[in-house]
Amino acid sequence: MTVDAEPIHKAKLALTRLKAWMASRVEPIARSGHYEEWKRWQAESSAIQSLLERPQSVQVALVGTTGAGKSTLLNALLGVQLLQVGVAQSITSFVTRVRHAEGPGYRVEIDFSTPEEWAAEVDRLLNAAAPGDADDGEAKSIVNNLRRRAEAVYGVSLDDPESLARVPRLQPAADVKRVFDAGARTVHDFQDPQSMVKHLRTVVRAESAVWPLVKQVTISGAFPALRGGIELADLPGTNDLNDARVDVTREFIRNAPFVWLVFSMKRGITADGRDLLEREKILRTLVLSGSYHALQLIGTHADDVGPPDAEQFGLDPDDHTNAELISAYRNHFCETSRQTLMQLIDSLIGA
């Protein structure tokens, strides 16, 4: 998606000329006989100019399962390898916001969980690890995930009940203390995306002590595609074990005027995607409000289609053009996605 800055530029020029004409031709007359109307017009023109100079942010929330290709999509939209695979495959999940800012370089703001939010996660670990509560596979998976986070924060092994019992008395690692002392937010400036991504890796990868605390990363830079006030938000799933991150994700989903559901065209809308639409009431809210057009389905991995897929789409395996194959692939994708949405809407009506 590309935002054309030309209309904004033309509007600025037109407003400048209009204000100059009003000042030279209208103001001398208006000041004597219509002063209140003149002041009101000045206030309105100033408000319009302010919006043109600093457009209001329009948020687009990107949701999808792991491997759906959200980071690749973002890189293509931004025209720069901003979110590299090394970051996208980090063992934590967090909200990544990307916005345009004039000038050279990039700014990264990282929001971390507060000490109180981390204490709540420790309580959840201790409760989940209580005897008799972690017998089934899902419960064990939750405990193991929480334990890995605690091990990173405290820099110790917590592989037995006795060590877990000591968690409330443990002191966090030095890097974690610095994050907490800094007010749970850090800000860094970089000259190029490579150095920025390198820094992010030191924060979100397994070797970092603070990766379990990352809630949100906000990146500002010269991204022409976002000029005009568009802000892209790459969201993790709402099944995250960190309640603070889940709250941030849900707030974006509920408030963003546009939601992009990203998934692989080879797989279609998976059970996780259906669950997201239903559990977070995205489809219900959009349908009942009449703003269902705000939901966009973004199919990725279209370049994976090849001659072996031709017969699946009703084409002669030995007699078709590449354009025909791509067109058939797209039509199949649209039809299966439409069927999935209609099933969800029928379920919504019957609820």
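Strands β2 and β5 run parallel and are joined by six bridges. Helices (H or I, at least four residues) and strands (E, at least two) are DSSP runs, numbered from the N terminus. The model is predicted: local features need pLDDT of at least 70, side-chain atom pairs count only at pLDDT 80 or more, and totals for chains, interfaces and linings use all residues. Residues are numbered from 1 along each chain as its sequence is written, and side-chain values use heavy atoms, with hydrogens and water left out.

The two strands belong to an open sheet of eight. Its order is β4-β3-β5-β2-β6-β1-β7-β8, with mixed pairing. Two strands pair if DSSP finds at least two bridges between them. The edges are β4 (185-190) and β8 (295-300), each of which pairs on one side only. Neighbouring strands are turned by 20° against each other on average, direction ignored. Axes here are lines fitted to C-alpha atoms, for helices over the stretch in contact, and angles run from 0 to 180 degrees between N-to-C directions.

Strand β5 is largely enclosed by the rest of the structure, because eight of its eight residues are buried. Buried means under 20% relative accessible area, exposed over 50%, and partly exposed in between (1.4 Å probe, protein chains only). Strand β5 also pairs with β3, through seven bridges and in antiparallel fashion. Ser 220 of β5 is the bridge partner of Arg 99. Arg 107 also stands opposite Ser 220.

Phe 263 stands opposite Gly 299 in β8.

Two helices lie across the sheet. Helix α3 (residues 70-78) lies across β1 (58-63), β2 (95-100), β6 (230-234), β7 and β8. Its angle to β6 is about 160°. Helix α9 (residues 193-204) lies across β3 (106-112), β4 and β5 (214-221). Its angle to β3 is about 15°. Contact means heavy atoms within 4.5 Å.

Glu 231 lies in strand β6. Its relative accessibility is 2%, so Glu 231 counts as buried. Its side chain makes a polar contact of 3.1 Å with the side chain of Gln 59. Another, of 2.9 Å, joins the side chains of Glu 231 and Arg 99. A polar contact is a pair of N or O atoms within 3.5 Å; within protein, one must be able to donate a hydrogen and the other to accept it, and residues adjacent in sequence count only if both atoms are side-chain atoms. Not counting residues up to four places away in sequence, Glu 231 touches Ser 57, Val 58, Gln 59, Val 60, Arg 97, Val 98, Arg 99 and Phe 252.

Rings of Phe, Tyr and Trp (its six-membered ring) pair if their centres lie within 6.5 Å; planes under 30 degrees apart count as stacked, over 60 as edge-to-face and the rest as tilted. By this rule there are three aromatic pairs. In one of them, the rings of Tyr 106 and Phe 223 have centres 5.6 Å apart and planes at 45°, so the pair is tilted. Tyr 106 lies in β3 and Phe 223 in the loop between β5 and β6, so the pair ties together parts 117 residues apart in sequence. Tyr 106 is buried at 13% relative accessibility, and Phe 223 is buried at 0%. The rings of Phe 263 and Phe 333 have centres 5.4 Å apart and planes at 40°, so this pair is tilted. Phe 263 lies in β7 and Phe 333 in helix α13 (residues 322-350), so parts 70 residues apart in sequence are tied together. Both Phe 263 and Phe 333 are buried.
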